[in-house]
Amino acid sequence: MASGMLSTFLKRGAIWGFILVELIFFSIAGEQLSLSDKAFMDLDNMLLLFKQSAPIGIIAIGMTIIMINGNIDLSVGAIFALAAIVLLDSMTWPIFAGLGDWAIPLAWILALLAGVLLGALNGFIVWKTGIDAFIVTLGSMLGYRGLVFIYNGENPTSHLNWTLVDFAEAQWLGLHTATWFLLGATFVIWFIMNRTVHGRNAYAIGNNREAAVNAGIRVGPHMMINFMLIGFLAALSAVVFYSESGSVNPNDGELYELWAITAVVLGGTKLTGGSGSIISTFGGVLAIQLLRKGLGHIGADTETVNLVIGLILIAVLFLDRQLNIKGKEELRV
Amino acid sequence: MPKITKASLGRFLAKQGILIAFILFMVGFTLANERFLAPENVMGVIRSSAILGVMALGVTFVVISGNLDLSVGSMMSFSTIVVLDLHDKLGPTLAIPAMFAMTLCLGAIIGFLVGYLKLNSLIVTLGMLSAIHGLTLTYSGGKNMDIADKEGTWFSVFGQGELLGVPVPILLFVGLAAFLGIVLSKTPFGRKIYAVGGNGVAATFSGIRRPRVVLGCYLVSAFCVATAGLLQASRSLGSQNTVGQGLELEVLAAVILGGASLLGGSGTIFKTVIGVLILGFIQNGLLLVGLQFYAQYVVTWVIIILAVWLDIAAKRGKLLSPIA
């Protein structure tokens with residue numbers, strides 16, 4: 001009992017402990033090694049950290065619910081790019097020309113709708129054909145990326161709208177727009193997963209699909225809703241990011257799926273489904289961004305970030321296995 | 001002669017579906033453009049598929065053993081960069097074995113983590129994807145790698161040479177495929193891979209040392225990746241750090257297209273080669289009929305879904321899944 005509680009506590013709190021260790025390490029190491037005399041835990045620096053976490057973070061929140069459901073989505077990077085193109089291109093369409101700045105909300109809605117539709121297509125294929133989500137989204141990762149390239153070849157799609165840029169760069173209560181969207185997405189998805197029937201059922205399906213079916217839960221629609229949610233969030237991430245930058249390259253968002261999965265796994269969500277927490281994923285996202293910033297702060301090459309994150313990911317997996325009692329039994333077989 | 005029923009037709013389609021699809025594609029493209037089946041075109045397609053193909057051979061081993069390997073792309077970048085760098089420092093004769101040794105070490109690390117520590121292969125190789133990418137960048141200092149004397153080296157023979165009129169990459173691809181095909185289907189090691197992938201617990205109880213088999217599969221994969229890196233380096237004699245980026249998923253697509261199940265226990269080298277060729281010929285055929293390059297991605301997507309759907313629909317005897 002006591003050891004069970006201890007391991008639960010370690011797993012729940014691990015990511016926040018890790019963030020604390022990072023903060024202490026980089027603050028102390030920064031004093032010795034950093035070239036700038038600014039402290040690492042500077043308020044501006046931390047606010048920027050939240051803002052920079054937003055693009056991957058919003059996607060990782062969606063990836064968490066997909067993985068709790070026992071699925072995976074490799075196509076989010078391509079959905080991200082496609083939604084960005086819809087956003088920037090639709091503002092220049094002649095039918096919107098007379099609307100002035102009213103074209104902005106319409107472009108947002110179109111981009112988000114594109115994300116939902118692409119996600120729904122993934123979910124529908126998984127539901128109706130019964131193909132593993134890994135294969136379905138591996139395929140659509142190629143397919144959606146193909147659509148991105150077909151749209152505008154290898155040229156960047158650009159449209160800078162200053163009203164939009166002002167909105168994206170605004171700060172409210174000290175936090176940037178992107179940060180508010182990240183916090184909002186985290187809260188809404190947390191609410192859905194912990195306070196609604198859909199959330200309960202999604203956990204149940206991921207935990208034991210047979211039992212969920214026997215309990216009368218309709219597996220298909222719940223999976224499809226989750227794929228629509230992650231499509232929406234991937235598009236939201238694009239909308240927030242490209243409102244500010246105003247230009248999208250056709251291979252933007254490549255490898256985002258892998259970064260998002262890394263953040264989710266660091267947060268302690270299992271690939272097998274049935275368990276995981278939105279808040280811990282939020283921690284995982286912060287931990288990765290902190291690591292990037294911290295390594296830069298102490299003067300390490302940016303190249304080492306990849307190396308360190310890869311090794312940490314494997315170490316987390318190993319520690320999780322050691323802490324997990326059920327896992328230990330499997331080791332003996 | 002056995003009677004043809006709906007069920008047996010379904011089974012036949014499922015078993016040979018990918019081959020039939022391949023033949024249909026070839027016929028369709030040939031009708032659309034007569035240059036499609038010209039020897040130089042066919043040779044060109046196989047040659048440009050060789051690097052992806054060699055990597056797919058190794059990944060087939062890993063997938064049959066019931067695991068995944070997402071690190072092959074960044075590992076290929078690593079071996080390409082290493083062999084180019086060592087070429088000028090040690091000379092080609094020493095650089096090639098040194099590069100193979102280093103790549104096999106990476107494969108051994110993955111094999112140890114997945115086989116002996118029993119960690120989830122998807123996450124381990126995802127971590128290694130990132131870690132090896134970092135390793136490559138640290139090794140090269142983020143700079144592109146080039147061979148100083150591009151004219152005076154015999155190193156280019158692997159990627160650009162010809163033997164009896166056949167390009168060397170094709171010979172290497174076909175030779176390696178034949179060798180690994182025999183290993184997989186005719187040796188005890190090969191049978192053990194199918195056993196471990198089909199039912200790991202049963203294989204352990206029948207005395208197969210599962211960790212060792214898994215390690216072996218990742219070593220085969222690393223060897224194939226090193227060969228692909230050699231081909232890439234020798235073809236271009238210079239390279240970026242990200243040359244293999246994204247290849248891991250294309251390789252996996254070829255293996256799945258060939259009919260290997262991600263659950264493990266099924267798949268063959270021959271079918272993987274067909275999968276690789278389908279990807280290559282679709283790309284080429286779509287270009288020849290005048291579609292733009294990127295249309296192949298969309299077509300590949302549709303084909304992967306249809307191929308896998310057909311496969312599992314025939315196995316369960318129903319077109320739509322029983323998911324409520």
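## About the model

This is a predicted model: local features need pLDDT of at least 70, side-chain atom pairs count only at pLDDT 80 or more, and totals for chains, interfaces and linings use all residues. Residues are numbered from 1 along each chain as its sequence is written, while chains are lettered from A and ligands numbered from 1 in the order in which they are written.

## Chain A as a whole

Chain A is built from 14 helices and four strands; these are DSSP runs, numbered from the N terminus (helices are H or I with at least four residues, strands are E with at least two). Along the principal axes, its C-alpha atoms fill a box of roughly 70 × 60 × 35 Å.

Of the 333 residues, 48% count as buried (20 or more other C-beta atoms within 10 Å of the residue's own; 12 or fewer is exposed, in between is partly exposed; C-beta atoms are placed from the backbone).

## Two positive phi angles in chain B

B:Lys118 isn't a glycine, yet its phi is positive, about 55 degrees. You'll find B:Lys118 in the loop between α4 (92-116) and α5 (121-140) of chain B. B:Lys118 is partly exposed, with 17 other C-beta atoms within 10 Å.

B:Leu237, also a residue other than glycine, has a positive phi near 55 degrees. B:Leu237 sits in the loop between α10 (210-236) and β4 (238-239) of chain B, and counts as buried because 20 other C-beta atoms lie within 10 Å.
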